[in-house]
Each structure stands twice: as C-alpha cells, then as structure tokens.
There are 2 protein chains.
Amino acid sequence: MKVKDLGEFGLIEELAKMIGKEYIGDDAAVVRGKDGRILLYSSDMLVEGVHFLPEWHPPFKLGRKAMCSNVSDIAAMGGVAEYALVSIAVPENTELGWVKDLYRGIADTGVPIIGGDTVRGKEVVISISIIGSTDEEHLTTRSGAKVGDHVLVSGPLGASRAGLEVLKRGMEGYAEAVEKHLDPGCRSDIGHEVGAIANSMIDISDGLASEIRHIAEMSGVGAELYAEEIPIHPSAVKVSEALGMDALRIALESGEEYELLFTVPEERLEEARKYGTVIGRIVDGGVYLVRDGKREDIGKGWVQF
Amino acid sequence: MKVKDLGEFGLIEELAKMIGKEYIGDDAAVVRGKDGRILLYSSDMLVEGVHFLPEWHPPFKLGRKAMCSNVSDIAAMGGVAEYALVSIAVPENTELGWVKDLYRGIADTGVPIIGGDTVRGKEVVISISIIGSTDEEHLTTRSGAKVGDHVLVSGPLGASRAGLEVLKRGMEGYAEAVEKHLDPGCRSDIGHEVGAIANSMIDISDGLASEIRHIAEMSGVGAELYAEEIPIHPSAVKVSEALGMDALRIALESGEEYELLFTVPEERLEEARKYGTVIGRIVDGGVYLVRDGKREDIGKGWVQF
C-alpha cells in the first residue's frame, strides 16, 4: 500500500499507534516537571508546493506564518511560547536574500530561536519545533468541554480562505484578505489568559467546523454553533460576494486562521466576552449548525449547503 | 548571491547572526530552569539524496541513525535524552511499509516520541528535535578544555566512512563497515557519566580532525593528537587496505561516527580511561597531529598527507 492510498490523516493515524497515546490529540504535548511547571512541545513542517507557494508568499511573511502556526499551538494550550528550534532545507540556487528574509520573518515573532539545522534540499522545507510553558491553572486541552459551556471564538473568520481564493484566481484587489492568508498572525496575546477561564480550547488551523468536532469528540460531548453569531471577516464577505460563494461556508471551512476556539462555563462567561464572541453551546451529543431555527448535522464532515 | 555560493556552513553562519549568540556553538542549546535543572535542545534535518540514499539505507536503520544523531548531541553535553519530536515529509508514492519501518527505527532508540508532523513532500525529509536534561555537575560543553587536559575518544573510528566508500563503489563484503555507516549507534550509554569528569566534550559527527578543532577554537586553546594512539576500527583498516587508502586519514575524516571526544584534567584521567582511549593533549595554541615525532598543523582544514 502506498502512502497516497491512506491520505495524510490516515498516515498520521498509522504512525500515531507507535507513539505514546498520552501525547496525542492536542495542539502540543504536555510534559509535567517536578516543580509544577508544565512544558509544552509542538512541531510543524511546511513543504514548498504543498503548504505554500514561493511565487505567492513573500519570504518574510512566510516565515512569520510558519512561526505563528507553532506559537498558536502553544497559545491554544493556555501556554506562553518560550523557545523555538528552526530547521530549513533550501535548494542551492535559492537567493541568499530570500532565505534571510524568511529567517527574519521567523525571528520577527519574538520567540528566541535557540537552535536548528540548515541543509540543502530539492525544495524548501521549514520545520519548527516550539517549546512553551504554562501551569495547571492555565493549561487547557481539547478534552475539557462540559455540557452547558458557551462556545466562543476570538475573532472574525474566513479571511485566510478568501485570500487563498483570490490568489488562486489571480484576482486584483482584496488586499486585506490576501494579507490575512499570507500573514494571519496568531492569538498569543490572549491564549494564556483565556487558559485561566476556559474548560477547553483549540486553535483554528483546519477550519471552525473541523475544530468544533475535535473539541466535541475529545471531550465526549456535542456542540451547537449558531450560524447568525459566527463572526465573518469583512474581507471574506467581500470576496464571497465577488465569487458568488457562501460567506458562512468560507468562515466555517477557512483554515490557517489561528484564532482561538474555546468553551467556558456559565460563571466565567462575562470575563470570557473580553476575549471573543459567543457562537454556540456545548450540548449532550452531536455537532450541529443552527440556522433559521433548524439544526444541520455537521458532525461527520463538511457542512452541506 | 545564491545559497550555493556560500556553502552550507556559510549559510549557517549568516543565519546564526540572527539567533541569540548564547545558544550557538554547542551540540545542543542549554536552557537553565529555576529549579537547577538544565534542559538541552537540539534539531537535525536529513534530506533524501543529500544525507542518505534510500537505495542503500533500509528504513529501519535510517530511522535509528536519524534519532541517534540527535541522541548523540545530548550525550555530548553530558545529558540524557528525554523526548523527541519527529516530523517527516514523504512522497505520496512511498510504500506505507517503508514509512512504518522508518518510524520503528526512530522509536527503537527508546526515546519517547511526544509529537511531530507528517506531511507530503517531493522527497523524504526527516526532522527530529530532541529534548534532554542534565545538571550543572554533568553539563559539558565544547568550550571547557584546559591546557594540560588529556584528550580521549570513546571508541575506534573510521568505520562509517569506510562503509560509505564500500557502498559508493558497490563493493561486495565488508559488511561490518557498511553496517557502521548505516546504523552507527551512539554513546548515550556513557555521555552523562563522562559529563561528570570531562572539562569539554563533543560528538564526532563531522570527523575527529574537525571536532578537535571545534574544541580548541571554542575553548581558546590548542591540541595535539598522537597519530599512533588514535584507535582505528578494524573494518576501516580492512577497507583502507583494499582501496589503497590511508586508514589514519579515514579515521581522522570519518563523520557520523557518534563516538564522544572529550578532555579531562590529570586528576580524572584514571576514571576517564573507563570511557575511552587517550589520543592527545590540550596545549597552548595550534592544532597538531604528532606522527613519527613530527608535528603536522591540522588547524586550518583537512590533514595533509
């Protein structure tokens, strides 16, 4: 059997069987120290042509995005990013200026780079490992959601996917959406604080619909999302109008947003409103989108429109 | 300017300017915790066609070697490897069995894999980050060698390079040398203990001649290596005889050996002999090979024969 017959998630599942189960399923691995300090570890690998296209992506922004996706994993655990290890493979005919700009973008996020490797390759590969820290009070996983929790998201969604559609079609304008695709940033400004009040949290790297399913599955609960409450980025609305696409669908499916999706109990709701918008509720079972008073099952895959 | 005009070390030097200087120059980055515990971090990236050839390298052994090169970096700091993050890129038409065997080899070293990433790529890329720990007593860097220290190496050298020459030429036999090239192992069995008695230490990943220069340069001292004392692996002697090559040169230049090179003060010499063979002495300045009573300068580059 070839890798392509399994798909990327299938392969990850196969390999995950060989890893300690206690480390799987969250944005970062949790390692508890003897002194009560908790260390968080995560790695991402980005490959040219699969995860980014150099002709679209200026190297400085690519570097920032690569690091942000890692910093976001730490923020989503209620942690603070402390250090990073950065390894890159680059073809020999790459311009030195391109590599230096990539590296400047990686360093621009302010996380100290304490090591890594630089090697020759046929295509650009960026592999970042991030080390973060937190404590029991702030540590938040995907698996802590409780029935009755409110579901919040830290910002408007859809711009990253909208920007990708603009780039794919070579459309003029829509600079804001394109910018959000190329340099989305992440919510390291609030992740640690949210960790103190949230029962569960995840970052939106694969899309809201997918992330709420992860929380529900890992927590053994269900969820309802209120279609009317999901904040859609204005640039995503503009692009969806131009393309005749459904803006809500873009917001539900848009990956690489790096906003935080989290759930809080009733008594922490007022505090939580500082960090996001209420878009749903944790329920007994099933994952649903509630629109025009009707429940649509989004528990099995992409939303049906 | 293109990356190829700089070379790999040149590029690393350029990028290192953008990294915190305190983290550069050792096998692993050192992070001191508030509780006196020291964490060690290192990353290696291996690219198909640059660092290994799948047609020579069975995946299980490749996985072991990839992990060993990281575990060796921790051992060379007097540390103990604790966790690893493993990211791999694989082409879609790769056999699942090949990827699983690679992963089994990575896991076989016994270091728990706590995370990583699995992605699609045009060529196989293996990126491992390793987390180790030690304490002030055992921590050993490249920069602690003192004039008068004895220089020791933990095992016989040359087999890895000899095995590579055998593979390159498609020669029959010489299985022991080939095996050492494909699956060299590393000295995690002694690294932590040696850390308690050594003033300086490094692992032999680029070759003995190169590593002794690193120690001398980082410590601000010189070194003499005694040609007659350098232990040469029997399989390297056999291969060098067959090829009409100088066995000592192979031992001096052979990389990916993952033996430990360390220096100890006079008063720790007897203990140190448990862990290796004395091959030289730290001196005031210059890096020399002493052969037949004559000093040859090996401070500037490869040994002249």
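Modeller: Before we start, helices in this predicted model are DSSP runs of H or I with at least four residues, numbered from the N terminus.

Colleague: Which residue with a positive phi follows H3(A)?

Modeller: Helix H3 covers residues 96–108 of chain A, and because 13 residues at 1.5 Å each should span 18 Å, the 18 Å between its end C-alpha atoms agrees with expectation. Within H3(A), the buried residues are Val99(A), Leu102(A), Tyr103(A), Gly105(A), Ile106(A) and Ala107(A). After H3(A), with a phi near 90°, comes Gly110(A).

Colleague: Among contacts in chain A between residues at least 6 apart in sequence, what percentage join residues at least 24 apart?

Modeller: Burial gives some context, since 54% of the 305 residues of chain A count as buried, where the cut-off for burial is 20 or more other C-beta atoms within 10 Å. For the contacts you ask about, the share joining residues at least 24 apart in sequence is 82%.

Colleague: Is Met245(A) buried, exposed or partly exposed?

Modeller: Met245(A) sits in the loop between helix H8 (234–243) and helix H9 (247–253) of chain A. Leaving aside residues up to four places away in sequence, Met245(A) touches Ser240(A) and Ile250(A), and its C-alpha atom is separated by 9.8 Å from that of Ala162(A), 83 residues apart along the chain. A buried residue needs 20 or more other C-beta atoms within 10 Å and an exposed one has 12 or fewer; Met245(A) has 17, so the class is partly exposed.

Colleague: Turning to chain B, which residue of E9(B) is the bridge partner of Leu152(B)?

Modeller: Strand E9 of chain B, residues 260–264, has 5 of its 5 residues buried, with Leu260(B), Phe262(B) and Val264(B) covered on one side and Leu261(B) and Thr263(B) on the other. Strand E6 (residues 150–153) of chain B runs antiparallel to E9(B) and is joined to it by 4 bridges. In that strand, the partner of Leu152(B) is Phe262(B).

Colleague: And which residue of E9(B) is the bridge partner of Asp203(B)?

Modeller: Strand E7 (residues 200–203) of chain B also pairs with E9(B) in the antiparallel sense, over 4 bridges. The partner of Asp203(B) in E9(B) is Leu260(B).

Colleague: What relation superposes chain B on chain A?

Modeller: Chain B is brought onto chain A by a rotation of 180° with 0.0 Å of shift along its axis, at an RMSD of 0.0 Å.

Colleague: How many nonpolar residues are on the side of chain B that touches chain A?

Modeller: The contact draws 55 residues from chain B and 55 residues from chain A. Elements of chain B that each supply at least two residues to that side include helix H1 (3–16), strand E2 (38–47), strand E3 (80–90) and helix H3 (96–108). By class, the side of chain B has 12 polar residues and 14 charged residues, while the nonpolar residues number 29.

Technical notes
Residues are numbered from 1 along each chain as its sequence is written. Chains are lettered from A and ligands numbered from 1 in the order in which they are written. This is a predicted model: local features need pLDDT of at least 70, side-chain atom pairs count only at pLDDT 80 or more; totals for chains, interfaces and linings use all residues. Two strands pair if DSSP finds at least two bridges between them. Copies are superposed by least squares on the C-alpha atoms of residues with pLDDT of at least 70 in both. Two residues are in contact if their C-beta atoms, placed from the backbone, lie within 7 Å. Ala, Val, Leu, Ile, Met, Phe, Trp, Tyr, Cys and Pro count as nonpolar, Asp, Glu, Lys and Arg as charged, and the others, Gly among them, as polar. The expected span of a helix is 1.5 Å times one less than its number of residues.
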